[in-house]
Amino acid sequence: MTNSVFQASVAVFTAVFASVLLCASAHAQIYRCTDANGRPLYTDTKVGKCQLIDTGYSAPPAASAPIPAPRSAGGGGGSSASNSAPTAAPSAAQSNFPRVDNVLQRARDDDRREILGDELRMEERKLTDLKRVFNNGEPERQGNERNYAKYQERVASMRDEINRSERNIEALRREIGNIR
């Protein structure tokens with residue numbers, strides 16, 4: 001009987017010790033102490049005669065210096081002051097910037113114009129339907145709107161939806177106008 005209790009105690013002790021080791025944070029220290037009955041006690045505070053346990057965990061390294069900016073493609077000479085200053089982002093004017101063939105760009109612009117045109121037609125249809133249902137600010141009352149406040153709330157949301165749809169139409173027309 002005592003042998004099985006001893007084995008269970010060892011199993012519990014091993015599980016507790018493993019969880020203490022796994023849960024130890026970067027700055028926590030774990031001590032192995034012995035209580036009055038001679039049983040080991042693991043704690044994060046040093047009490048009496050305790051030994052510091054090496055958990056094998058080391059603190060993360062301190063922050064390193066920032067990564068320097070890449071050097072410009074110009075590469076040759078220049079003063080040291082210009083080399084130490086951060087370089088600007090590559091501009092479209094650089095010769096190594098990827099370019100798209102004019103024919104391909106026109107095809108892309110045509111596709112974009114067609115997509116935006118479809119969206120514009122759908123938004124205009126939506127606006128027409130909203131205005132028809134809105135009925136110049138006096139839409140028909142629905143059966144669940146016996147309370148006038150509910151009706152007013154629906155009218156206000158319809159007005160907001162019409163304004164949003166009008167802004168979408170303006171934005172789509174502006175975007176279509178920006179296509180080359």
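The questions and answers below go through the terms used to describe this predicted model.

Local features are given only at pLDDT of at least 70 and side-chain atom pairs only at pLDDT 80 or more, while totals for chains, interfaces and linings use all residues. Residues are numbered from 1 along each chain as its sequence is written, and side-chain values use heavy atoms, with hydrogens and water left out.

Q: What makes up the secondary structure of the protein chain, and what pattern does the chain follow?
A: The protein chain has four helices and three strands. Along the sequence they follow the pattern α-β-β-β-α-α-α. Helices (H or I, at least four residues) and strands (E, at least two) are DSSP runs, numbered from the N terminus.

Q: Why are α3 and α4 called roughly antiparallel?
A: Two packed helices are described by the angle between their axes and the distance between the axes. The axes of α3 (residues 102-134) and α4 (residues 148-178) cross at roughly 155° and come within 9 Å. Axes are lines fitted to C-alpha atoms, for helices over the stretch in contact, and angles run from 0 to 180 degrees between N-to-C directions. Angles under 35 degrees count as roughly parallel, over 145 as roughly antiparallel, 65 to 115 as roughly perpendicular and the rest as oblique. The angle of roughly 155° is therefore in the roughly antiparallel class.

Q: What is the handedness of the crossing of α3 and α4?
A: The crossing is left-handed. That word applies if the near helix is turned anticlockwise from the far one by less than a right angle; clockwise would be right-handed.

Q: How many residues of each class are in the contact of α3 with α4?
A: There are 12 nonpolar, three polar and 12 charged residues. Ala, Val, Leu, Ile, Met, Phe, Trp, Tyr, Cys and Pro count as nonpolar, Asp, Glu, Lys and Arg as charged, and the others, Gly among them, as polar.

Q: Why does L172 count as buried?
A: Buried means under 20% relative accessible area, exposed over 50%, and partly exposed in between (1.4 Å probe, protein chains only). L172, in helix α4, has 11% relative accessibility, so L172 counts as buried. Of the 180 residues of the protein chain, 13% count as buried.

Q: Which residues does L172 touch, leaving out those up to four places away in sequence?
A: L172 touches L116, E119, L120 and E123. Contact means heavy atoms within 4.5 Å. The C-alpha atoms of L172 and L120 are 6.1 Å apart, although these residues are 52 apart in sequence.

Q: What makes up the largest nonpolar core?
A: This core has 12 residues, among them L116, L120, M158, I169 and L172. A nonpolar core is a set of buried Ala, Val, Leu, Ile, Met, Phe, Trp, Tyr and Cys residues joined through side-chain atoms within 4.5 Å. α3 and α4 each supply at least two residues of the core, and the largest share, six residues, comes from α4. In soluble globular proteins, nonpolar side chains tend to be buried together.

Q: Which residues is M158 in contact with, leaving aside neighbours within four places in sequence?
A: M158 is in contact with V133, F134 and P139.

Q: Is R154 buried or exposed?
A: R154 lies in helix α4. Its relative accessibility is 16%, so R154 counts as buried. Residues up to four places away in sequence aside, R154 touches P139, E140, R141, Q142 and E145.

Q: Why is M122 called exposed?
A: M122 is in helix α3. Its relative accessible area is 52%, so M122 is exposed. M122 and I169 are 47 residues apart in sequence and 9.6 Å apart in space, C-alpha to C-alpha.

Q: What makes A171 partly exposed?
A: A171, found in helix α4, has a relative accessible area of 32%, so A171 is partly exposed.

Q: What is the phi of N135, and where does N135 lie?
A: Phi of N135 is near 55°, a positive value in a residue other than glycine. N135 lies in the loop between α3 and α4. With a relative accessible area of 43%, N135 is partly exposed.

Q: Why is N136 called exposed?
A: N136 is also in the loop between α3 and α4, and its phi is near 55°. Its relative accessible area is 75%, so N136 is exposed.
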